[in-house]
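User: I have a structure to look at and would like to go through it with you. Could you start with how its helices lie against each other?

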Amino acid sequence: MSKVPQGEGGFLNVKPHIFTLTTPPVDGGVNLTIKMSWSQKLLYRNGEFSLDIPFTFPEFVIPPGKKYLKKEKIELNVNSGLGTEILFKGTSHLLKEVQSQEGKLGFKYEGNVANWSSTDFHFSYAVSSSQIHGAVITQSPSKDDVDQREIFSAYLLPGNQRSRKGFRRNVVVVVDISGSMQGKPLEDTKNALSEALSKLDPEDSFCIIAFNGQTYVSSTSLKSATKEAVESTIEWIGINFIAGGDTNIMRPLNMAIEMLSNSRGSLPIIFLVTDGAVEDERQICDEIKKRLASEDAISPRIYTFGIGSFCNHYFLQMLSTIGRGQYDAAYDIDLIQPRIQNLFARASSVILTNITLETLDDLDDVEVLPCHIPDLSFESPLSVSGRFRGKLPETFKVKGFSADMSNIVIDLKVQDAKDIPLHRVCAKGEIELLTAQAWLSENKQLEDKVAKLSVHTGALSEYTRMVIFEKEVALQQMASKKSQNKKQDTETLKMILPHSLCVGFGNVAATSDNVPPGAEEPKLPEAVEIFAKAASGCCGRMCNHCCCMNCIRCCSHINPQCANLLTQLFTGLACAGCIGCCAEVCCGRRGS
């Protein structure tokens, strides 16, 4: 691997949602085909699943010249895995239904258009049920799978009966206010926190702990979430959330657990927000694990949120797993506020807790991920996967406690995956959880297991790297008795190691130096930087009206030879100054 060129071509992560790929020179008139595949988690909100895919083509990326009709084609297949009726809710494009059967829907859209799509693709559906429901899907491993145990995935949906009584909550929010949080990260965190507090019910209790090298508390004990108490605390946040100092996570977490030690009859919740990594992260996990093991029937739930790439996201994920909570992150600081609000909504709407999978007790060699099953909330379905040996019965029993502490038993139907690639569906989540376990235990065997799973499923991991092979065809002169000028095509493979797309295990040095999130973004090639700004900022809106675009439009109305000449000329002028001028005017002088 050391001999492989580093970062020469391949994908370059410009922003968390923008990737660029440098292609070799392409001759004019050649058809260029690009095929992309990826896995994407469906969004769940108000009882509906939704899929959003970028499908907008800005005018400045469309080649100039004579305009031809273009073909757009979308095929969409939905398999809920439940075997129950799917309710179609909405779509952005005129889809034609081509399949409808129990638990499955199929749609198709195809048409010739004068202009490429200017609307992103959106599709939403719901699975109708007023009660908690779900299913268990199983699949046998393939012959080349390194783990020959049976695969399963169990999931629960909360149902649409929102009148169901929820838990009374005792909430302690622990927020990092170290120097690196200065500016937008801290301001957006304050805004998200203020909105979350305003949504608490008066019977709930709460407290805020801010920390850097020291700790600051809004009150010495939990306060009832009355309107007056919430307004007073929001005012306290505005005064005391001042970025500065270093990062110490252990002390505020211990304080939060102490505050929640007498939460009988309520669901205790710790909500941690940080952008940094610390040296004692493994000790924190071990300490929290011991403290939670000694708690009562319902131990404090720990929800963690990471900002940027300097914090150790696997530490945060492990901490939330130990605390039966959930983890989320915002690598792009523009996403901090909506993601914190979403995670807080999930933490605040729990309807089933202390969940166990009873049926697995009768099987051999069982592995469940996550090892501590989180709670089910109105705002998020629950998914658990793993491996086992043996045979599952036709129904799968799941148990948990409702808000009135009554014991709930749910029977899930077991079905074969058939046309669902279950090992790939579960791969990303399993790799992240196993990586967090490997990091905590410093277990080399677990690291090897993650690497093998990554190679088998094609999902990225911290212990593998993507390698791109580029075919290079060269013409060689061949001397022979029959011909002195015979030519032969030879094909060689060039191996390229792209930039890593993984997050790593945090950066303690950057945290100590209070380097803010976003400062780690690589310096982009000039052309990439210009078009990245155009794709995500104001340049994209202006390019349809600026001088460069008008010149290119002009070329589409003259003969092809002249168009080629003028297009090359204007492109050269743009590189010399026009695009730079647009980028400077639109993005450079205004701090965008």
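Analyst: Helices α3 and α4 are roughly parallel to each other, a label given to angles under 35 degrees, with over 145 counting as roughly antiparallel, 65 to 115 as roughly perpendicular and the rest as oblique. This is a predicted model, in which local features need pLDDT of at least 70 and side-chain atom pairs count only at pLDDT 80 or more, while totals for chains, interfaces and linings use all residues. Residues are numbered from 1 along each chain as its sequence is written, and side-chain values use heavy atoms, with hydrogens and water left out.

User: What angle do the axes of α3 and α4 cross at, and within what distance do they come?

Analyst: The axes of α3 (residues 250–259) and α4 (residues 281–293) cross at roughly 10 degrees and come within 11 Å. Axes here are lines fitted to C-alpha atoms, for helices over the stretch in contact, and angles run from 0 to 180 degrees between N-to-C directions. Helices are DSSP runs of H or I with at least four residues, strands are runs of E with at least two, and both are numbered from the N terminus.

User: Which residues meet there?

Analyst: From α3 there are Met250, Leu253, Asn254, Ile257 and Glu258, and they meet Gln283, Ile284, Glu287, Ile288, Arg291 and Leu292 of α4, where contact means heavy atoms within 4.5 Å. By class, the residues of this contact are six nonpolar, two polar and three charged.

User: And what about α4 with α5, at what angle do they cross?

Analyst: The axes of α4 and α5 (residues 313–322) cross at roughly 5 degrees and come within 10 Å, and these helices are therefore roughly parallel to each other. On the α4 side the contact is made by Glu281, Ile284, Cys285, Ile288, Lys289 and Leu292, and on the α5 side by Phe315, Met318, Leu319 and Ile322. This contact has eight nonpolar, no polar and two charged residues.

User: Changing topic, where is Ser402, and is it buried or exposed?

Analyst: Ser402 is in the loop between β23 (395–401) and β24 (407–416), and with a relative accessible area of 13% it is buried. Buried means under 20% relative accessible area, exposed over 50% and partly exposed in between, with a 1.4 Å probe and protein chains only.

User: What does Ser402 touch?

Analyst: Leaving aside neighbours within four places in sequence, Ser402 is in contact with Phe167, Ile351, Leu352 and Ile408. The side chain of Ser402 also lies 2.7 Å from that of Ser406 in a polar contact.

User: Then α8, which of its residues are buried?

Analyst: In α8 the buried residues are Leu446, Glu447, Val450, Ala451, Leu453, Ser454, His456 and Thr457, and the buried residues of α8 pack against α7 (422–441). Asn443 caps the N-terminal end of α8, with a side-chain oxygen 2.8 Å from the backbone nitrogen of Gln445, and α8 is followed by Gly458, whose phi is positive, near 80 degrees.

User: And what about Glu231 and Lys199, where are they?

Analyst: Glu231 is in helix α2 (residues 227–240) and is partly exposed at 46% relative accessible area. Lys199 is in the loop between α1 (184–198) and β13 (205–211), and at 58% relative accessibility Lys199 counts as exposed.

User: Last one, how many helices and strands does the chain have?

Analyst: The chain has 13 helices and 26 strands, and buried residues make up 45% of its 592 residues.

Technical notes: Nonpolar A, V, L, I, M, F, W, Y, C, P; charged D, E, K, R; others polar. Polar contact = N/O pair within 3.5 Å; in protein donor to acceptor, adjacent residues only side chain to side chain.
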